[in-house]
Amino acid sequence: MKELLEDESGKKILLLGNEAIVRGALEAGIGHGSTYPGTPSSEIGNTFEKIAKEYGMYFEYSANEKVAMETAAAAAASGVRSMAWMKHVGVNVASDALMTLMYSGVRAGMVIVAAGDPSMHSSQNEQDTRFYSQLGNIPMLEPTTPQEAKEMVKYGFELSEELELPVLIRTTTRVNHARGVVTFDDLQEADGDGHFEKDPARFVAVPQNSVRNHPKLLERMERAEKITEKSEYTYSIGVENPELHVISSGAGFNYIREAKEEFDLPISILKLGMTNPLPIDTVKDFIEDAERLLVVEELEPFLEEKVKALAKEVNPSLDVYGKKSGHFSRLYEYNPDRIKDALSDLMEFERKEEPLETEEHDLPIRPPSLCPGCPHRATYYAVKKALGDREGVFSSDIGCYTLGVQDPLNTADYLLCMGSSVGAAGGFSKNTDQQVFAFLGDSTFFHSGLPALVSGVYNQHDFVYVIMDNRTTAMTGHQPHPGTGKTGMGDPAPMLSIEDLARGAGVEFVETIDPYDIEKTIEVFERAIEHDGISVVIPKHPCALIEQREVRWEPYQIDQEECKQCHICTDRFGCIALVREGDEVMINETLCVGCGQCAQVCPFDAIKQEGK
Amino acid sequence: MKRVNLEIVGVGGQGILTSSQVIGGAALKKGLDVYMSEVHGMAQRGGVVVTTVKIGEEVYSPLIGKGEADVVLGFEPVETYRAIEQASKKTWVVTNTTPIVPFTVSVGDEKYPSIEHEIIPSLQKATDKLVTLDAEALAKEAGAAITQNIVMIGALTATDVLPLNESEIKRSIEDNVPKKFVDMNIKAFDKGYQRTKDIMDQL
């Protein structure tokens, strides 16, 4: 992605929305970037990781989103343009800092990118993050395309400086993970050389200061109300005297616009770019003489309810269609079909193509799964072996290891959010007689597992705390973290020891084991279960996807003469390279990475490497 | 020009992102507008991957509706069938026949249908514009199974639906694969292209 550093105004390039966001920041002269990875925002960090040093800015993977928000806030307070980005639920983690940051505001521009995930392609919920803009009085922009995302990030820094407030840019998967043609503007040199001018009345949020800073925030937002009326990202397209008026923002706008062009629909669309504060006069003008209005926005009726309130003032007879009327759902992302379904109830138009008529087949579902060679599978297998007939409660967490929820492992019983495995495990241990496990990864441990560990030791919870250390942040694309010995800039870093941290917190039972040695791992878990209080077990083995870049092992095969078709390998261990046809089990040689875990599981030594 | 919609489907790890970038890159070079949706994150761990590529003078959204694909390019036969409602009678359905059996089948929760006796006959019944090819075998002939995705690009190019010709796509392959693998990938492209032309001649 070195192309992003080219100072070639006018150049057209195909960029992922997330790469376009990076380019926008570079065109604004960003000096500080911080994040914790999370889909669909991760590629923003992955891209900065590759170019930050050469560009001359500072970039870090913070331990969590709250830290990312706070470091970026301090940079902006010191006069350095900064950006913090995260997925929508990451904003929840950072929100404590964010709500008060709005009171003190910023000096240099600060942009916050909150990447939503309607339809939950890779998330635990699909909350509509736009409501944070109201909760915190945060100016908000909603881009619709990669090009607009780039422009809005760049403009966001200017707006932030004009208002002295951080600016929220709210994206969704179909912007972050859309790839489109983006036109470069001039590159700016990285901002730097910050100096913090002290101003405690502004930057120290004690009550006597906050009572003065809250009204200041409201004054700033009053200024924003004027700016939003003139935003170049808010515009209307369509015909005069339309049959239907439409108000839209975000990814939903793309589909309604496309339908308008494709079917030559007699509609007029007001596309809103800055949606907090809402451009009240612009909206009023648009709906004043309208008869029918459709509101197109994904998830909650954020705009719809405000528009309805405005309609009461200026056009009480206006029919407003949207979520309340049943034309749209509050669930999941939109697509061309959902837009056309809504439109077909409101106006006449003919769909062009009929889908093929096909016979029904029961197609097998294909959920994502733990990779062949994944060390987590061995850990889960060992836990269940150690438990034997006893019932375990498995408190899970956010990461690849959540995939243990599937057959045949079934090692996820409860999950809320990043770090929740540990607090919930404590709650289960205090309120049930069941044997409780918390499963979380190394990166998640640093993110939010550490305070929960301290709390658990203090309150004398009793569970097995399994920190599945695969030496990376795997699910989001292998970012470094405080335990990897490498920073986001690629520099060497202190390698924090999970063992030392656990011992330092007062845990007596701390053991590290390579889960590839399944027998020993079972033995460690047997002892951990017997131990009273919190026992920390750290199954430590590199993520298979990383390890397989370095090593090549011969695939295994099943000796059909030795195989007794007991199906322990498929029904208890369940590596995806093991394929069952009838009673016969075979190994898919393309998928098998030769880790040999299944060979350890086989009681009849029927799984062998070629030539051995 | 009329907008061209491609629905590319398969399984995480099959090189679908590279394929869509080959096509998108070639279109951009020709001065066309391109808009694509990609899949990153959890689904890449062996889940279903659906990528849409839209090319035209001006493209407004990255997704397509039912029946709107000009080509459904399936890297895996069951995934082709899962995406079939994106196709109409006008759509070319181009599918690899090499199955990737999901683990839900291996652990006995689900059944994988017969490609030869169920999926392909159903596709044949539904449409005349069908190309089936064993991309894995062709990729191995070209040098390595990993070039399956480029075999599929060859097959796609052979349908003549793209506003891009053979040499424009080949140049984009050179831009998008590591230098030492270019020859092998060009060979893979030719194999997919030729096989598809042969099949189309017989239709």
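This is a predicted model: local features need pLDDT of at least 70, side-chain atom pairs count only at pLDDT 80 or more; totals for chains, interfaces and linings use all residues.
Start with confidence. Chain A has a mean pLDDT of 97, and 100% of its residues reach 70 or more. Among its elements, strand S5 (residues 110-116) has the highest mean, 99. Strand S21 (residues 578-581) has the lowest, 87.

Next, the domains. The assignment gives domain 1 (9-193 + 203-226), domain 2 (235-344), domain 3 (375-549) and domain 4 (552-609). The C-alpha centres of domains 2 and 4 lie 56 Å apart.

Now Lys323(A). This residue sits in the loop between strand S14 (319-321) and helix H13 (336-344). Lys323(A) is buried yet has no salt bridge. The nearest side chain of opposite charge belongs to Glu297(A), 5.5 Å away. The backbone oxygen of Glu297(A), however, lies 2.6 Å from a polar atom of the Lys323(A) side chain. Beyond its neighbours within four places in sequence, Lys323(A) has contacts including Glu298(A), Glu300(A), Phe328(A) and Tyr334(A).

Salt bridges are found elsewhere. In one of them, Glu142(A) pairs with Arg130(A), with the closest N and O atoms 3.7 Å apart. Glu142(A) lies in the loop between strand S6 (140-141) and helix H6 (146-163), and Arg130(A) in the loop between S5 and helix H5 (131-136). Both residues are buried.

Lys608(A) and Asp559(A) form another bridge, at 3.2 Å. The pair is 49 residues apart, with Lys608(A) in strand S23 (residues 607-609). Lys608(A) is partly exposed, at 30% relative accessible area. Asp559(A) is also partly exposed, at 25%.

Terms used: Residues are numbered from 1 along each chain as its sequence is written. Chains are lettered from A and ligands numbered from 1 in the order in which they are written. Side-chain values use heavy atoms; hydrogens and water are left out. pLDDT is the predictor's confidence in each residue, from 0 to 100. Helices (H or I, at least four residues) and strands (E, at least two) are DSSP runs, numbered from the N terminus. Buried means under 20% relative accessible area, exposed over 50%, partly exposed in between (1.4 Å probe, protein chains only). Lys and Arg count as positive and Asp and Glu as negative; His and the chain ends are not counted. A salt bridge is a side-chain nitrogen of Lys or Arg within 4 Å of a carboxyl oxygen of Asp or Glu. A polar contact is a pair of N or O atoms within 3.5 Å; within protein, one must be able to donate a hydrogen and the other to accept it, and residues adjacent in sequence count only if both atoms are side-chain atoms. Contact means heavy atoms within 4.5 Å. Domain bounds come from an automatic or database domain assignment.
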